[in-house]
Amino acid sequence: MLSKTAMRSNQNVFLLCLALLWCGRPGGASAREIAITLLHTADVHGTLEACPSGNGEARDREQWPELQGKAGGLLRCATLICKIRAQAENVVLVDCGDFFQGSVESFLTRGGVMARAAACLKYDALVVGNHEFDWGADV
């Protein structure tokens, strides 16, 4: 015999399956397609300013000549994020982990400067990376 919790869970799964089947049938709930622009950052490691780098890829140098010779940095990304958001609708911005830790400014603020930057850029989602726990689970 199943417990009440298990029965309720099974009931919820059954109702979810019914809803999905209903939505997928002809004449069921209809949906319209919406184009989205997905922007992502990854392994920012607390870096706000761009750092000197090699030449970068040729297509990057042609498209953004003002950034030639620089790599990384959330401020550099913010320039492009704002430019793309001004040109496109339905922009989704996510970070794929290791956002907070890795630079002097982030270390001195225990990630606070990066948290403020993420709020200003209005990230839709931040994925937890292994370095997000460098200062412990409470931070």
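Two residues are said to be in contact when heavy atoms of theirs lie within 4.5 Å. This idea will guide the reader through the structure above, which is a predicted model.

The secondary structure comes to 5 helices and 5 strands, and from the N terminus on the elements run α-β-β-α-β-α-β-α-α-β. Of the 139 residues in the chain, 24% are buried.

In soluble globular proteins, nonpolar side chains tend to be buried together. In this model, the largest nonpolar core has 15 residues, and those with the most contacts inside it are Leu48, Leu74, Leu93, Phe99, Met114, Leu121 and Tyr123. At least two residues of this core are supplied by each of α3 (74-87), β4 (91-95) and α5 (112-121). The largest share, 5 residues, comes from α5.

Helix α3 deserves a separate description. It has 14 residues and reaches 20 Å from its first C-alpha to its last, close to the 20 Å expected at 1.5 Å a residue. Its buried residues are Leu74, Ala78, Leu80 and Ile81. What covers these buried residues includes β1, β4 and α5.

How are two packed helices described? They are described by the angle between their axes and the distance between the axes. For α3 and α5, the axes come within 11 Å and cross at roughly 10°. Because angles under 35 degrees count as roughly parallel, α3 is roughly parallel to α5. On the side of α3, the contact is made by Leu74, Ala78, Ile81 and Arg85, and on the side of α5 by Met114, Ala117 and Leu121. By class, this contact has 6 nonpolar, no polar and 1 charged residues.

The last stop is strand β1 (residues 37-41), in which threonine 41 lies. Is threonine 41 buried or exposed? A residue is buried when its relative accessible area is under 20%; threonine 41 has a value of 6% and is therefore buried. Not counting residues up to four places away in sequence, threonine 41 touches Cys77, Val94, Asp95, Cys96 and Tyr123. One of these, Tyr123, is also among the residues with the most contacts inside the largest nonpolar core.

Key
Residues numbered from 1 in each chain as written. Predicted model: local features only at pLDDT ≥ 70, side-chain atom pairs only at ≥ 80, totals over all residues. Heavy atoms only, no water. Core = buried A, V, L, I, M, F, W, Y, C linked by side-chain atoms within 4.5 Å. Buried < 20%, exposed > 50% of the residue type's maximum accessible area, 1.4 Å probe, protein only. Helix = DSSP H or I, 4+ residues; strand = E, 2+ residues; numbered from the N terminus. Axes fitted to C-alpha atoms, helices over the stretch in contact; angles between N-to-C directions. Parallel < 35°, antiparallel > 145°, perpendicular 65-115°, else oblique. Nonpolar A, V, L, I, M, F, W, Y, C, P; charged D, E, K, R; others polar. Expected span 1.5 Å × (residues − 1).
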